[in-house]
Amino acid sequence: MESVIRIGMDTSKHVFQLHGVNEREQPVLRRKLRRKEMITFFEKLPPTVVAIEACGGSHHWARLLQSFGHEVKLIAPQLAKPYVKRGKNDAADAEALCEAMSRPTMRFVPVKTQEQQAALMLLGMRDRLIRTRTQLVNAIRGYATEFGLTAANGLCKIEPLLERIVVDETIPELARDLFAMQAKEYDRLQDELRDIEEKLTAWHRADECSQRLRQIPGVGPIVASLLVMKTPSATLFRSGRDFAAWIGLTPKDHSTAGKVKLGIITRAGDEALRSALVVGATAMLRAVRMGRSKRASPWLVALLKRKPPKLVAVAVANKIARIAWKMMTSGERYKALASPESLAAV
């Protein structure tokens with residue numbers, strides 16, 4: 001086989017499709033391999049550049065191929081899709097990855113370490129437990145309403161509601177047994193969430209960058225941890241504006257013929273990180289509007305007078321992201337006395 005300079009590999013659970021080209025950009029490798037065959041093939045292959053679509057197992061395969069001496073580049077699916085010529089099959093996807101990798105302006109996903117993936121798994125488990133708890137609480141409220149029992153909004157009202165159900169003899173015995181089962185499930189979820197959040201707090205306290213980001217107004221331990229865990233490398237972005245755009249906090253651009261037309265935010269980045277930044281900004285704005293905050297800049301006060309609160313929250317989240325980028329790249333600490341003009345230049 002001729003010398004291969006690039007290989008695009010479409011991955012799946014058991015089958016791997018390869019497409020490689022030589023120095024003259026001619027296809028010299030089109031092969032479908034099983035899992036063990038693929039590992040053996042790359043162990044014997046001279047070092048080359050391999051493109052893999054960024055997905056759940058791509059970081060594992062990237063680390064494995066790197067241990068064999070190969071250079072691995074992960075490509076986001078939406079960036080590789082335009083290079084699929086026609087149809088949708090494994091061979092076409094592998095060829096598209098090989099072609100996309102050769103583009104000089106192509107952006108690649110950094111390969112995560114096992115420690116980074118473990119930290120992200122911690123965040124994923126917390127998110128799943130919160131969604132499960134919310135679903136369970138809504139079910140308890142709904143069933144209780146059917147028997148004429150209601151409770152005020154708020155998670156703190158669920159336990160009193162369950163206590164009222166236990167002593168209410170008008171509720172059938174079968175229903176009370178089922179409510180008791182849901183109460184046990186609720187207690188278990190609360191215990192698991194406390195355990196996960198303790199681990200997350202310990203991770204936050206052990207990470208120096210996360211501790212520095214915690215100093216930004218509107219950023220708590222969860223948001224600071226998310227910023228550190230979700231960001232591949234702050235140095236990959238040219239500016240704080242690019243970082244905010246990566247998160248999806250910048251408006252959509254639909255301009256033509258010299259006419260600028262901006263829409264809603266793109267929401268193109270990580271949903272969990274973007275949502276956490278907006279929630280943190282909303283909490284800070286609530287304190288400002290109620291007169292409990294001493295950190296309200298003239299820029300923020302003037303913006304609240306001109307724009308709706310939700311729009312201002314997104315603008316503040318954008319500002320937080322840009323400040324966080326500056327702190328992550330420079331290693332500086334947050335300067336609470338910085339003027340609004342200097343922050344606007346970040």
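Biologist: Leaving aside neighbours within four places in sequence, which residues is Val-316 in contact with?

Modeller: Start with the term. Contact means heavy atoms within 4.5 Å. By that test Val-316 meets Ala-281, Met-284, Leu-285, Trp-299 and Leu-300, with neighbours up to four places away in sequence left out. Two notes on sources: this is a predicted model, where local features need pLDDT of at least 70, side-chain atom pairs count only at pLDDT 80 or more, and totals for chains, interfaces and linings use all residues. Residues are numbered from 1 along each chain as its sequence is written, and side-chain values use heavy atoms, with hydrogens and water left out.

Biologist: Which residues touch the most other members of the largest nonpolar core?

Modeller: First, the rule. A nonpolar core is a set of buried Ala, Val, Leu, Ile, Met, Phe, Trp, Tyr and Cys residues joined through side-chain atoms within 4.5 Å. Buried means under 20% relative accessible area, exposed means over 50%, and partly exposed lies in between (1.4 Å probe, protein chains only). Here the largest core has 59 residues. Ile-165, Leu-213, Ile-216, Leu-227, Phe-243, Leu-277 and Val-316 touch the most other members. Helix H13, residues 309-330, gives this core its largest share, 11 residues. Another core of 19 residues lies apart from it, with Leu-29, Ala-62, Leu-65 and Val-72 among its members.

Biologist: How many helices and strands has the chain?

Modeller: Both are DSSP runs numbered from the N terminus: helices are H or I with at least four residues, strands are E with at least two. The chain has 14 helices and seven strands.

Biologist: Why is the chain more spread out than a compact globule?

Modeller: Compare two numbers. The radius of gyration is taken over C-alpha atoms, and the globule rule is 2.2 Å times the number of residues to the power 0.38. For 346 residues the rule gives 20 Å; the chain has 26 Å, well over that, so it is more spread out than a compact globule. Its C-alpha trace spans about 80 × 60 × 45 Å along the principal axes. Buried residues make up 38% of the 346. Of the contacts between residues at least 6 apart in sequence, 50% join residues at least 24 apart.

Biologist: Which helices do the buried residues of H7 pack against?

Modeller: Helix H5 (114-146), helix H6 (158-167), helix H8 (208-213) and helix H9 (221-230). The buried residues of H7 include Phe-179, Tyr-186, Leu-189, Leu-193 and His-204. Take Leu-189, which is buried at 2% relative accessible area. Not counting residues up to four places away in sequence, Leu-189 touches Leu-129, Thr-132, Arg-133 and Leu-136. Leu-189 and Arg-241 are 52 residues apart in sequence, and their C-alpha atoms are 39 Å apart.

Biologist: How many aromatic pairs does the structure hold?

Modeller: Rings of Phe, Tyr and Trp (its six-membered ring) pair if their centres lie within 6.5 Å; planes under 30 degrees apart count as stacked, over 60 as edge-to-face and the rest as tilted. The structure holds six pairs. Phe-147 and Phe-179 have ring centres 6.3 Å apart and planes at 70°, so this pair is edge-to-face. Phe-147 sits in the loop between H5 and H6 and Phe-179 in helix H7, so the pair ties together parts 32 residues apart in sequence. Phe-147 is partly exposed at 35%, whereas Phe-179 is buried at 4%.

Biologist: Why is the pair of Phe-243 and Trp-246 stacked?

Modeller: Their ring centres are 5.9 Å apart and their planes are at 20°, so the pair is stacked. An α-helix has 3.6 residues a turn, so residues three or four places apart point the same way. Phe-243 and Trp-246 are three residues apart in helix H10 (residues 240-247), about one helical turn. Phe-243 is buried at 0%; Trp-246 is partly exposed at 31%. Ring pairs link Phe-237, Phe-243 and Trp-246 into a cluster.

Biologist: Where does Ala-257 lie?

Modeller: In the loop between strand S6 (251-253) and strand S7 (262-265). Check its backbone. Most residues other than glycine have a negative phi. Phi of Ala-257 is positive, near 55°. Ala-257 is exposed at 73% relative accessibility. Arg-267 also has a positive phi, about 55°, although it is not a glycine. Arg-267 is in the loop between S7 and helix H11 (271-289), and is exposed at 57%.
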